Amino acid sequence: MTIEFTAGNIHDLAPADLVQGDRVAGRIYTDPEIFELEMKNIFEKTWVWVAHESELPKPGSFKSTYVGRNAVIVTKDRKGAIHTLVNRCRHRGASVCEQRTGNANGFTCPYHAWSYSLDGKLRGIPYPEGYEGVMNKEDMGLQKLRTESYRGLIFATFNQDAEPLEEFLGDVTLWADHFLKQGAGYPLKVIGTQRFKFNGNWKIQLENTTDGYHFPIVHRSWMATVDAETADMLSFMTDPESTCHDLGNGHSVMHMVPEHIDLDVDDGTEPLQARFDGLVAELKQAGVDDVEIRKLVRSMHGTGSNLNLFPNVGLSSAFFRVLRPVSVDETVIEHVALGPDAPPEIAEPVIRERMRIHEHFQGPFGFGTPDDAEGWARVQRGAQASPEMPIMVNRGLNREYKAPEGWVTSHSTDETGMRAAYAKWKEMMSND
Ligand code: FES
Ligand SMILES: [Fe+2]
């Protein structure tokens, strides 16, 4: 039974009741107690994306990041195993690593120099006499999260009982496989990360990755600054083949450029965009053959889809979009640009060009992301008013159907992906 939000009940409804299928209450963006419960029931219970394998290239490589609000370090040990460790000394709680990335033999706490190995074991304590018979060193390693990866996508969870990662991802793997093809035959590597904060709740960003509806509106200024072919490629509003699937577990995928969903499928008729003529000439001069050049150039904008993984990462066309909840109305976003891990004569010009495309949309002076961020902050401001008035996520309910694979599907401009994410949110927020 659907619960109607009213001025009388809105402040008293249980968090899970604030999601009602095709509508959600603004309180889920603004109530600090709900945020606390989300950290416990979602971010400390499910798989959270922490790194891409290319960020840990060698034994000893590490990356500092977060799982919910918990600072963690993702490390690669001497044997190549990946660990996710809570960045908190077991003595009196100091952080043991303040660098974002680097290479180390281990971590030594700056306060009293307890030192830990790359897999988190407590290795050394200065002046150990004071601990004889007091504690076992073996019990005092850095707290470790479960860590699993799928084709270089590394996730961690505090929940020792969570399902295996691949089960959690389910049909996402099919679309992740397509996403990974943009290396044009080479593995993908992180080529740069751009970080910014917006004053709004994390779910406003979560909704955005498969929100095709806003694209031609919010990104009109970006469309006006690109060549006609690029703008045309993204005019999916009226293309009936352009769909969004609910993949289960809160995940969804939205297709924007149907002919680039699977970059391995190429009937050879699509002309290469004139904007890449310079790149083509450079690759030719380096001796790269025409077949490979075509593959590299067709992959320049990434895949034709945005894949949204609940709760914190989007595999979004050509980059990862990672969200980190900071407080009920503050979220940090990282846009992680990607390129092929290829020999220098290919990698250098391709990555340079991919970086320019990334900056043009996602960069701080870009024509895309700053407009998105303005929209998100406005949702946060607006949602403070009239709390009984619902946020609507009902677009396309009239045309949803089940695809042969079993996925609830609608047009890419519909809110199917948001309904998927909120159904998962409701389920997790109902748990005790
Ligand atoms: S707080 Fe880390 S060694 Fe004391
Ligand atoms: Fe956008």
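**Figure 1. Surroundings of G250 in the predicted model.** In this predicted model, G250 touches F310, P311, A420, A421, K424 and W425, with residues up to four places away in sequence left out of the count. The glycine sits in the loop that links strand 14 (243-248) to strand 15 (251-255). G250 is classed as buried because 24 other C-beta atoms lie within 10 Å, where 20 or more are required.

Figure 2. The protein is divided into domain 1 (48-157) and domain 2 (170-430). A distance of 32 Å separates the C-alpha centres of domain 1 and domain 2. Ten residues from domain 1 and 15 residues from domain 2 take part in the contact. On the side of domain 1 that touches domain 2, strand 3 (residues 48-52) supplies the largest share, three residues. That side of domain 1 consists of five nonpolar, three polar and two charged residues.

Figure 3. Seven strands, in the order 3-12-11-6-5-4-7, make up an open sheet with antiparallel pairing. From one strand to the next, the twist averages 30°. Strands of a sheet pair through backbone hydrogen bonds, in either a parallel or an antiparallel arrangement.

Figure 4. Strand 3 pairs with strand 12 (residues 153-157) in the antiparallel sense over four bridges. Within this pairing, A51 has I154 of strand 12 as its bridge partner. Strand 12 also pairs with strand 11, again in the antiparallel sense, over five bridges; here E148 stands opposite F155 of strand 12. Strand 11 and strand 12 form a hairpin with two residues between them, and R151 in the turn has a positive phi of about 45°. Strand 11 (residues 144-150) pairs with strand 6 (residues 82-86) in the antiparallel sense over two bridges. The bridge partner of L85 in strand 11 is K144.

**Figure 5. V50 and V74 in the largest nonpolar core.** The largest nonpolar core has 96 residues, of which V50 and V74 touch the most other members. Helix 13 (residues 416-430) contributes the largest share of this core, seven residues. At least three residues of this core come from each of domain 1 (48-157) and domain 2 (170-430). Which residues does V74 touch, not counting those up to four places away in sequence? The contacts of V74 are V50, A51, L56, F62, K63, T65, I82, T84 and I154. Among them, A51 and I154 are also bridge partners between strand 3 and strand 12. In soluble globular proteins, nonpolar side chains tend to be buried together.

**Figure 6. Helix 10 and its cover.** Helix 10 (residues 290-298) includes the buried residues I293, K295, L296 and V297. The elements that cover the buried residues of helix 10 include helix 9 (277-285) and helix 11 (344-361). An α-helix has 3.6 residues a turn, so residues three or four places apart point the same way.

Key. Residues are numbered from 1 along each chain as its sequence is written. Chains are lettered from A and ligands numbered from 1 in the order in which they are written. This is a predicted model: local features need pLDDT of at least 70, side-chain atom pairs count only at pLDDT 80 or more; totals for chains, interfaces and linings use all residues. Domain bounds come from an automatic or database domain assignment. Two residues are in contact if their C-beta atoms, placed from the backbone, lie within 7 Å. Ala, Val, Leu, Ile, Met, Phe, Trp, Tyr, Cys and Pro count as nonpolar, Asp, Glu, Lys and Arg as charged, and the others, Gly among them, as polar. Two strands pair if DSSP finds at least two bridges between them. Axes are lines fitted to C-alpha atoms, for helices over the stretch in contact, and angles run from 0 to 180 degrees between N-to-C directions. A nonpolar core is a set of buried Ala, Val, Leu, Ile, Met, Phe, Trp, Tyr and Cys residues joined through C-beta atoms within 7 Å. A residue is buried if 20 or more other C-beta atoms lie within 10 Å of its own, exposed if 12 or fewer, and partly exposed in between; C-beta atoms are placed from the backbone.
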